[in-house]
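Please look at the sequence and the fold together. The paragraphs below go from the sheet and its helices to a few side chains.

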Amino acid sequence: MLFSLIWTTMPRQPEPAEILDPVAPGTSRRMARTAQRDNRKERALRSILHRRGLRFRVHGRLLEGSRRTVDIVFARARVAVFIDGCFWHDCPIHGTSPTNNAAWWRAKIDANVARDRDTDARLVESGWTVVRIWEHEDLSVAADRIEALVRVDAHNAKTRP
């Protein structure tokens, strides 16, 4: 009886999520408006590649049993292209670390980078060439890099026995 009385009069312990609110409401609204796919840079790069006569699929799932998608897929040449945001993927030049809830953000961004490395390794293991483009890169230069890989790999695919 005494135990139940003490238990009911003790204040409830807050959940960890209630102690550390990782995202302020304004930040949350801004993040929700940010396009995760088909963003301006991604559409611009696809447009340049298409004008150069390259044909591709978008947002392909290449890893069996995974929900991870590749931004631009050149299936015949086996080239997978990702356009990475400087903040979310920890760009060595432009990556920033928020000061609010710094530990939470560091863990989140580190997990993104670890997932990127795992995706790269699994795709390479499956015979794909992986190209990662930073959002700050010149899109024409990025397109040159991609086109060179796609054209060489597509040519090699045609000449294989």
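Helices (H or I, at least four residues) and strands (E, at least two) are DSSP runs, numbered from the N terminus. Asp116 lies in helix α5. The model is predicted: local features need pLDDT of at least 70, side-chain atom pairs count only at pLDDT 80 or more, and totals for chains, interfaces and linings use all residues. Residues are numbered from 1 along each chain as its sequence is written, and side-chain values use heavy atoms, with hydrogens and water left out.

Four strands form an open sheet with mixed pairing, in the order β1-β2-β3-β4; two strands pair if DSSP finds at least two bridges between them. β1 (57-60) and β4 (129-134) each have a single partner strand and stand at the edges, so one side of each is left without a neighbour in the sheet. On average, neighbouring strands of this sheet are turned by 30° against each other, direction ignored. Axes here are lines fitted to C-alpha atoms, for helices over the stretch in contact, and angles run from 0 to 180 degrees between N-to-C directions.

Strand β3 (residues 79-84) pairs with β4 in the parallel sense over six bridges. Ile83 has Ile133 in β4 as its bridge partner. Helix α5 (residues 102-125) packs on the sheet and touches β2, β3 and β4, where contact means heavy atoms within 4.5 Å. The direction of α5 makes about 150° with that of β4. Helix α4 (residues 40-51) lies across β1, β2 (70-74) and β3, and runs at about 10° to β2.

Is Asp116 buried or exposed? Asp116 counts as buried because its relative accessibility is 7%; buried means under 20% relative accessible area, exposed over 50%, and partly exposed in between (1.4 Å probe, protein chains only). Not counting residues up to four places away in sequence, Asp116 touches Asp84, His89 and Arg132.

The structure also holds five aromatic pairs. Rings of Phe, Tyr and Trp (its six-membered ring) pair if their centres lie within 6.5 Å; planes under 30 degrees apart count as stacked, over 60 as edge-to-face and the rest as tilted. Phe87 and Trp88 are an edge-to-face pair, 4.9 Å centre to centre with 80° between the planes. Phe87 and Trp105 have ring centres 5.6 Å apart and planes at 65°, so this pair is edge-to-face. Phe87 lies in the loop between β3 and α5 and Trp105 in helix α5, so the pair ties together parts that are 18 residues apart in sequence. Phe87 is partly exposed at 22% relative accessible area, whereas Trp105 is buried at 5%.
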